[in-house]
Amino acid sequence: MIDIHEQQQRYWQLLHQPQMLILLHQANDVEHFIALMADLLNWPELNLEQMLAFIALQQQGFIPDLARFSQVWFPSRYHAQTKTISWVPVFQRLSKPFLEDDICDARRGLLASFIQPQTLLEPLLSQRESLPSINPNLMIFHWSRCGSTLVSSSFSLLKACRVLSESMLCSDVMHHDAWPSSLIPQLVDLCLRLQGRLRPDECELVIKWNAWDLACWPMLLELYPNSRVLCLMRHPRDILVSHQREAGMHMAGRVKAVFPYPLPLTESTHAEPNLDAFRMGVLHGFAQQTAALYQSSRCILMDYQQLNALKPSALSAILDWPLAAEDIEHWQGHWRFDVKRQGQLFVPMVPAQSTLLNESQTLSWQQLLNAYEQLLQLLARDKNHDAS
């Protein structure tokens, strides 16, 4: 006869003990995992069916001690319908070009398969201050397809640097309009304290936002006023061509709230929805947000062509982020390869004229191009001013 209350207490404690979780993570097979659980729960006769039913029962109303729980468990996904978050065990350093790839890796293994905690998000706010505060050293905004992954993945090469690249958890929380606007900064900060929690060998944090998070720059800069801010843009033609080949979520209409206002560019209010017009509208929104961000004097704005011509040492100087000679050498080697296609040398994309939209004949395109060129003029003006 077991005392279920004792097993519940043991299970709650188990989820907060890194060494025990590592043992489960390293289980050789299902039988080994069940044997470990039987021992840890003091439940000798435990079998697979009992274990699954017991774990499912513990999901209800589970509230962890975040400071201890988040040493292993990493918040991976936000469920808007239930306002809950899922957790995965992460034992390795984040190292992939995109955070979602690290999370996919973390889902492998028996521990992540059998134990999948979910918690309501809002009740965790009361524990926010128990977590180490974060002070991002760099936040990267971008228009997509303009070199941001190259920059963020370069920082991943620095052993002391933790990089959060395009956190969907933070984006989904930030853009969920069911939350009071006054609560969203606290929720975003909570998510970042959890995902950006530094390991013992880390002391710097770089956050690369999703492209559509650019609309939230005022809130993010207010949350983290001491962070360096880099914003990357590119000629809209090249971005549109890239998304014609493989569309990102925001260009495929899969992001509900790309911007908190109607898209500004439509040829006609009576026209059928047009994918090219939609994408130009998204980019025009990016251009408007970028102009406002740049005029706030809080960001370093850089065009893709400018970034493409830089050497690592020049970029580190621009960002006021000194690099050791060894790090510069690593970056130089890293920049020779396509960061999104492991092992492949980087080949600059050549716009395929035959696949381009009939850009020159559309009002949307001209407005978008004007907005982009105005940003280039601002960059040129400030460069000349600095040189004089």
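Modeller: A residue counts as buried when its relative accessible area is under 20%. The model here is predicted. Glu 202, at 6% relative accessibility, falls below that cut-off and therefore counts as buried.

Biologist: What does Glu 202 form a salt bridge with?

Modeller: A salt bridge requires a side-chain nitrogen of Lys or Arg within 4 Å of a carboxyl oxygen of Asp or Glu. Glu 202 pairs in this way with Arg 162, the closest N and O atoms being 3.4 Å apart. Arg 162 belongs to strand 5, whereas Glu 202 sits in the loop between helix 10 and strand 6, so the pair ties together parts 40 residues apart in sequence. Arg 162 is also buried, with a relative accessible area of 6%.

Biologist: How is Asp 201 placed, buried or partly exposed?

Modeller: Asp 201 is partly exposed, its relative accessible area being 46%. This residue lies in the loop between helix 10 and strand 6. Beyond its neighbours within four places in sequence, Asp 201 is in contact with Lys 159 and Ala 160.

Biologist: How many salt bridges does the count come to?

Modeller: The count comes to 15 salt bridges. One of the pairs is Arg 128 with Asp 189, whose closest N and O atoms are 2.7 Å apart. Arg 128 lies in the loop between strand 3 and strand 4 and Asp 189 in helix 10, so this pair joins parts 61 residues apart in sequence. Arg 128 is buried at 16% relative accessibility, and Asp 189 is buried at 4%. Salt bridges also link Arg 128, Glu 129, Asp 189 and Arg 193 in a network.

Biologist: At what angle do helix 1 and helix 4 pack?

Modeller: Helix 1 and helix 4 pack at about 70 degrees, with their axes 11 Å apart. Helix 1 is therefore roughly perpendicular to helix 4. Ile 4, Gln 7, Gln 8 and Tyr 11 of helix 1 meet Phe 54, Ile 55 and Gln 58 of helix 4. By class, this contact has 4 nonpolar, 3 polar and no charged residues.

Conventions:
Residues numbered from 1 in each chain as written. Predicted model: local features only at pLDDT ≥ 70, side-chain atom pairs only at ≥ 80, totals over all residues. Heavy atoms only, no water. Axes fitted to C-alpha atoms, helices over the stretch in contact; angles between N-to-C directions. Helix = DSSP H or I, 4+ residues; strand = E, 2+ residues; numbered from the N terminus. Parallel < 35°, antiparallel > 145°, perpendicular 65-115°, else oblique. Contact = heavy atoms within 4.5 Å. Nonpolar A, V, L, I, M, F, W, Y, C, P; charged D, E, K, R; others polar. Buried < 20%, exposed > 50% of the residue type's maximum accessible area, 1.4 Å probe, protein only.
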